[in-house]
Amino acid sequence: MSTALPESVDVARQVQARRTYEGSLPLASMHRLRDSLAADEGEARYAIEFGKDAFGISFVALRVEAGLPLVCQRTLDVFVLPVAIDQRLGLIAREDQEASLPEGYEPLLVPDGQLDLAGVVEDELILALPVVPSKPGAPLDWSDAPAGAAVEEERPNPFAVLGALKKH
């Protein structure tokens, strides 16, 4: 079932109702992410579930799958990086509540009780971007010589004579 994401939701009501959203967002609609991509074709499939755990902690479980078109920094080829995010975000109203979250929760600050779900999906995709994109299987060869330059023959060490004097 695909449900369109509302622009903003009240997290307390979503948690109480244990609301879920599933669907897809076009990469072209993600303005902050789009600047890091080689192209804006494609989409991100998401599943968002609000709830409360056994300790009474309000959370949003987020699953996102997308293929992000990036430029390889070794070969300058465009490649698609498959991204799969499975994250549990603990909903907190103040920064000092972050320490009370159990292990396995990432904090999500919601000071006014309103949440932009499309923004959360975009944020997680931005966090999944590699610092230096490199295509899997790209060659690791490196040469300081300019292309087409002949390889120099090994020259004799000018200090070899001193080595011979040291032996005597």
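In the predicted model, five strands form an open sheet with mixed pairing and the order 2-3-4-5-6. Strand 2 (20-26) and strand 6 (106-109) are the edge strands, each pairing on one side only. On average, and with direction ignored, neighbouring strands of this sheet are turned by 30 degrees against each other. Within the sheet, strand 4 (residues 58-71) and strand 5 (residues 78-92) are paired in the antiparallel sense over 13 bridges; Leu70 stands opposite Phe79 of strand 5.

Helix 3 (residues 117-128) packs on the sheet and touches strand 2, strand 3 (43-52), strand 4, strand 5 and strand 6. The direction of helix 3 makes about 125 degrees with that of strand 5. The N-terminal end of helix 3 is capped by Asp116, a side-chain oxygen of which lies 3.4 Å from the backbone nitrogen of Ala118. Buried residues of helix 3 include Leu117, Val120, Val121 and Leu125, as well as Glu122 and Glu124.

The largest nonpolar core comprises 34 residues, of which Ile48, Phe50, Leu115, Val121 and Leu125 touch the most other members. Two or more residues are given to this core by each of helix 1 (11-17), strand 2, strand 3, strand 4, strand 5 and helix 3; the largest share, six residues, comes from strand 4. Beyond residues up to four places away in sequence, Leu115 touches Glu7, Ser8, Val9, Val11, Phe50, Leu108, Val110 and Val120. A second, separate core of six residues includes Ile57, Phe59, Ala61 and Tyr105.

Definitions and conventions: Residues are numbered from 1 along each chain as its sequence is written. This is a predicted model: local features need pLDDT of at least 70, side-chain atom pairs count only at pLDDT 80 or more; totals for chains, interfaces and linings use all residues. Side-chain values use heavy atoms; hydrogens and water are left out. Two strands pair if DSSP finds at least two bridges between them. Helices (H or I, at least four residues) and strands (E, at least two) are DSSP runs, numbered from the N terminus. Axes are lines fitted to C-alpha atoms, for helices over the stretch in contact, and angles run from 0 to 180 degrees between N-to-C directions. Contact means heavy atoms within 4.5 Å. Buried means under 20% relative accessible area, exposed over 50%, partly exposed in between (1.4 Å probe, protein chains only). A polar contact is a pair of N or O atoms within 3.5 Å; within protein, one must be able to donate a hydrogen and the other to accept it, and residues adjacent in sequence count only if both atoms are side-chain atoms. A nonpolar core is a set of buried Ala, Val, Leu, Ile, Met, Phe, Trp, Tyr and Cys residues joined through side-chain atoms within 4.5 Å.
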